[in-house]
Amino acid sequence: MPELSKHFDAVIMLTQSDWHREPRSNRYHYATRFAQDLPVYFVQPTPPVETPELGETEIENIGVVHAGTDYGVDQSIRLERLLAKRHVRRPLLFAYNPLFVDFIARNAGFYAVYHATEDYFGSEFDDAVRHREMLMRVLGLTDLLVACTDGVFASYRINGAYRGRSIVLKNGCDFEFWRRSDAIAFQPQASGRPAALYQGALNDRLDFDLLSELADRVNDWDLVFCGRDSDEPGWTRLREKPNVRYLGELRPEQIAETSRQSSVGLIPFRDYSLARVSLPLKAFEYVACGLPVVSTPIDELARDPELFSIASDAAEFESAIRQLADTRDDSDAIGRRQAAAAQQSYDKRFSELREEIDLAMISAGRNSDKYNILVLYDDRSTHVKAIKDHLHAFSVYSSNGVTYLPCTGAFMTDKDKIDSNPWDFDCFDVIVIHHSVRVCYPDHLNRIFYDSIARFTGLKVLFVQDDYNNTGHTWQFIEQIGFDVVFTSVPDEFIPTIYPCERFPRTEFLHTLTGYVPELEAEERDCLPISERPLRIVYRGRSLPLHYGDLAREKLDIGLEVKRRADARSVPVDIEVDNASRIYGADWYRFLASARAMLGTESGSNVFDFDGSLAELSKANADMPYEQFRDRYLAGREGPVMMNQVSPKLFEAIHLRTALVLFEGAYSGILERDVHYISLKKDYSNIDDVFDRLEDVAFLEKMADRAYRDIISSRRYSYERFIANFDALLNRRLLRSRRCQIIEAPIMYERKDRELFAIPMNEGPVAALLSRGILAGPTTRDELLAARVVRRSYRNEFDTLKKAQKSLSSYERKIERLSRTLERRTRTLEKRDAKIERLSRMTTGQQMPIHQRVMLAIAFRGRAYVTALCRRLWQQG
């Protein structure tokens with residue numbers, strides 16, 4: 001049977017029940033079975049305390065949450081805070097009460113099941129209009145509909161227009177409990193009078209008129225009632241009947257005892273549509289106790305006349321109970337009832353539900369919707385090519401939508417304004433805090449983001465590098481924020497040592513490399529062949545603080561020693577170990593391609609500074625010789641965890657066909673000695689052999705080609721492969737489709753239930769920093785902040801914009817039509833002017849007779865011209 005714990009870490013049951021007043025209800029049966037795998041939070045609308053805490057129940061792993069009846073945002077926030085305190089990150093929402101719609105919508109990234117035990121579309125239901133409105137919204141957020149009857153299912157499909165995944169799981173019975181109680185063993189009452197039993201709430205669902213008449217008709221029988229009392233007038237009158245006995249609210253064991261003494265079970269509901277499509281819980285409980293059952297018309301029960309006799313009035317009830325009484329102790333009849341009840345066991349129902357959810361999870365893993373990922377990073381570190389490549393890979397290779405937000409350093413001088421506008425990240429499905437954000441230092445992540453990230457209910461992912469720095473604060477940060485997944489550079493075998501399972505029970509830790517193979521095809525094409533490269537070795541190292549230990553010290557020592565020995569042998573090298581000589585960007589790749597080989601060591605540190613005290617000692621003793629510092633402060637600290645890593649710089653060199661000269665080491669199990677690199681002993685005893693190999697061009701080319709084939713061409717260590725694995729993780733951990741469709745960041749987003757139309761921050765310039773690309777350092781950020789962009793959040797602004805765009809498009813079309821008309825008329829006028837000009841010349845010429853010239857002049861040139869023409873003609877004779 002599928003384990004729910006592989007998908008979820010808790011079950012949130014959203015009910016309108018009272019756990020302590022509804023013993024062994026439908027919700028009870030599902031809750032107790034869920035609790036065998038997961039903690040269950042039974043949320044009920046009883047008055048909450050200001051900060052609701054979890055109330056205990058008699059069942060292990062089930063707690064009651066008093067949520068109050070103030071359904072809405074405040075209630076949702078209270079619930080979210082309680083769950084966050086309990087580190088609930090991947091709950092299954094199992095809803096009965098549609099009035100919790102706001103909580104469901106705010107947590108739309110979780111998998112939601114709606115259990116339809118009532119037809120809220122039935123016209124007789126109290127407060128039906130409100131429930132229908134809320135229910136329609138809930139159905140739009142539901143991943144799986146569980147209906148208790150075929151009739152309820154049909155109503156939700158027809159009246160609720162639900163078209164999603166669904167299953168009919170009819171109300172059953174706790175068969176094993178009733179079997180163990182031996183309720184089938186008939187023991188007539190001591191009085192000898194037969195008894196007809198009703199167990200359940202004594203409310204307005206009962207047909208008290210029918211029952212009153214029945215009591216009069218069967219005065220030789222006792223009508224026995226047990227359940228919650230009420231002040232219904234019909235019940236008050238019925239209790240006065242001499243053959244009516246009320247036993248109060250009984251425990252299940254007492255109900256079993258009463259059933260032994262009863263001859264028949266009753267379901268005397270009023271005949272109305274809500275009752276007809278229901279399936280009362282007591283129906284198969286009666287059957288499990290061996291009782292024949294008489295019921296008013298209920299569609300589901302009418303399908304099985306062997307178990308349930310249908311009666312419409314008191315006379316039919318009397319006839320049925322008298323006829324069925326003799327079957328109460330009939331072994332064949334009891335055997336059939338037991339077999340039928342076993343088939344309706346809640347154990348079977350729950351097994352079907354688990355299988356359906358498991359299939360749904362598999363289907364959700366194939367979801368084609370893109371998830372919305374927010375990557376928080378340090379834009380002041382993007383000048384480092386390895387960091388930029390790692391960040392850039394998310395947007396280039398992920399099949400999901402990626403948005404970036406710088407989150408370190410200062411944002412503006414008006415800090416109070418930012419703090420008064422907390423970020424709302426609910427439109428995202430995943431938050432990734434990139435390793436460029438040094439979470440081991442308390443103030444590197446800007447504090448304005450802490451609460452918003454901690455409240456975020458989607459998947460939270462942290463990338464950590466240099467885990468050995470201030471490890472204790474990293475622990476605290478992981479616990480405070482509640483990360484679901486942490487990618488760490490700690491090798492798999494040492495993860496339980498650094499991140500103990502007992503301290504982080506709900507966090508998944510995965511090993512990752514510090515960097516992967518970048519795309520350098522253009523740089524590779526420009527590279528010179530090894531034989532034409534002027535230098536033999538290039539290297540840039542640096543002196544790291546003393547507390548990082550031997551592994552870090554090697555970065556300095558290898559540069560100093562190889563340079564000294566190369567200079568002594570006149571080997572052309574470019575080796576520097578000071579910070580002023582570091583190279584970035586395209587210059588770095590040109591530098592790598594200028595030599596036959598690059599020098600290198602393993603990266604990392606095998607000394608873990610848990611509380612920052614070693615860093616303080618290192619700073620205070622910066623002038624102390626390393627050997628002395630190591631002997632005094634690092635004794636016994638080096639080596640319990642081996643952090644020796646392959647550096648991304650080695651991948652870059654291989655990509656540019658530059659051979660490697662490396663200290664002997666493991667290099668994350670990726671590079672093999674004398675296969676992918678020339679090994680240099682740490683005592684430099686084989687340095688001359690290394691220099692000789694650097695003169696063997698054929699050897700170097702063969703080694704470089706082999707490393708290129710195994711590391712680059714194989715794509716095993718590419719960013720594309722890294723992101724494909726990351727996407728696979730999201731499909732495994734995210735339980736449903738994306739929460740929202742982001743229309744564009746940072747302009748606006750629309751929540752799945754179409755209720756909220758907003759941007760992540762209502763006002764303030766920081767919203768401008770959300771982008772689809774990576775910012776290039778503080779200059780870009782400052783320019784954006786200086787713009788002080790203020791955006792509004794609601795749909796009417798968007799609608800106004802769309803209307804304006806529509807009007808503008810209409811005006812543009814009109815202008816285009818007018819332009820074409822003007823162009824046609826202009827051409828017509830030009831033709832007319834040309835004709836007039838021709839005729840004008842003809843009127844002044846000598847080739848035409850005088851009378852024609854005068855007529856043309858009259859037609860085209862006007863009175864004044866005609867007068868002048870006639871005067872000239874007269875003067876000419």
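Predicted model: local features only at pLDDT ≥ 70, side-chain atom pairs only at ≥ 80, totals over all residues.
Residues are numbered from 1 along each chain as its sequence is written, and side-chain values use heavy atoms, with hydrogens and water left out.

**Rings and charges**

- R657 also lies over a ring face, that of Y708, at 3.7 Å from the ring centre.
- How many aromatic pairs does the structure hold? There are 42 of them. (Rings of Phe, Tyr and Trp, the last by its six-membered ring, pair if their centres lie within 6.5 Å; planes under 30 degrees apart are stacked, over 60 edge-to-face and the rest tilted.)
- Take F394 and F463: their ring centres are 6.0 Å apart and their planes stand at 85°, so this pair is edge-to-face.
- F394 belongs to helix α16 (residues 385–397) and F463 to strand β18 (residues 459–464), so the pair ties together parts 69 residues apart in sequence. (Helices, H or I with at least four residues, and strands, E with at least two, are DSSP runs numbered from the N terminus.)
- F394 counts as buried at 0% relative accessibility, and F463 counts as buried at 2%. (Buried means under 20% relative accessible area, exposed over 50%, and partly exposed in between, using a 1.4 Å probe and protein chains only.)
- Now look at F663 and Y684: with ring centres 5.7 Å apart and planes at 55°, the pair is tilted.
- That pair links distant parts of the chain, with F663 in strand β24 (residues 659–663) and Y684 in the loop between β25 (678–680) and α27 (687–693), 21 residues apart.
- Both F663 and Y684 are buried.

**Nonpolar cores**

- The largest nonpolar core has 82 residues, and L671 and L680 have the most contacts inside it. (A nonpolar core is a set of buried Ala, Val, Leu, Ile, Met, Phe, Trp, Tyr and Cys residues joined through side-chain atoms within 4.5 Å.)
- Helix α28 (residues 697–713) supplies the largest share of this core, 7 residues.
- Leaving aside neighbours within four places in sequence, L680 is in contact with residues including I558, V562, L599 and F663. (Contact means heavy atoms within 4.5 Å.)
- A second, separate core of 58 residues includes A183, W221, W235 and F284.

**Salt bridges**

- Side chains of opposite charge can pair when their charged atoms come close.
- The structure holds 50 salt bridges. (A salt bridge is a side-chain nitrogen of Lys or Arg within 4 Å of a carboxyl oxygen of Asp or Glu.)
- One of them joins the side chains of D37 and R354 (3.1 Å, N to O).
- D37 is in the loop between α1 and β2 (40–44) and R354 is in helix α15 (residues 346–365), so the pair ties together parts 317 residues apart in sequence.
- D37 is partly exposed, with a relative accessible area of 29%, whereas R354 is buried, with 9%.
- R553 and D557 also meet in a salt bridge (3.9 Å, N to O), and both lie in helix α22 (residues 549–568), 4 residues apart, about one turn of the helix.
- Both ends are partly exposed: R553 at 22% relative accessibility and D557 at 32%.
- Salt bridges that share partners join E213, R217, D220, E318 and R322 into one network.

**A buried arginine**

- Is R33 buried or exposed? R33 is buried, with a relative accessible area of 7%, and it is found in helix α1 (residues 26–34).
- The C-alpha atoms of R33 and Y346 are separated by 8.8 Å, although these residues are 313 residues apart along the chain.
- Leaving aside neighbours within four places in sequence, R33 is in contact with D174, Y346, D347 and F350.

**Cysteines**

- A disulfide is a covalent bond between the sulfur atoms of two cysteines.
- A search of the whole structure finds 0 disulfides. (The cut-off is a pair of cysteine sulfur atoms within 2.5 Å.)
- C407 counts as buried at 0% relative accessibility, and C427 is buried with a relative accessible area of 2%.

Note on methods: Lys NZ or Arg CZ within 6 Å of the ring centre and 35° of its normal.
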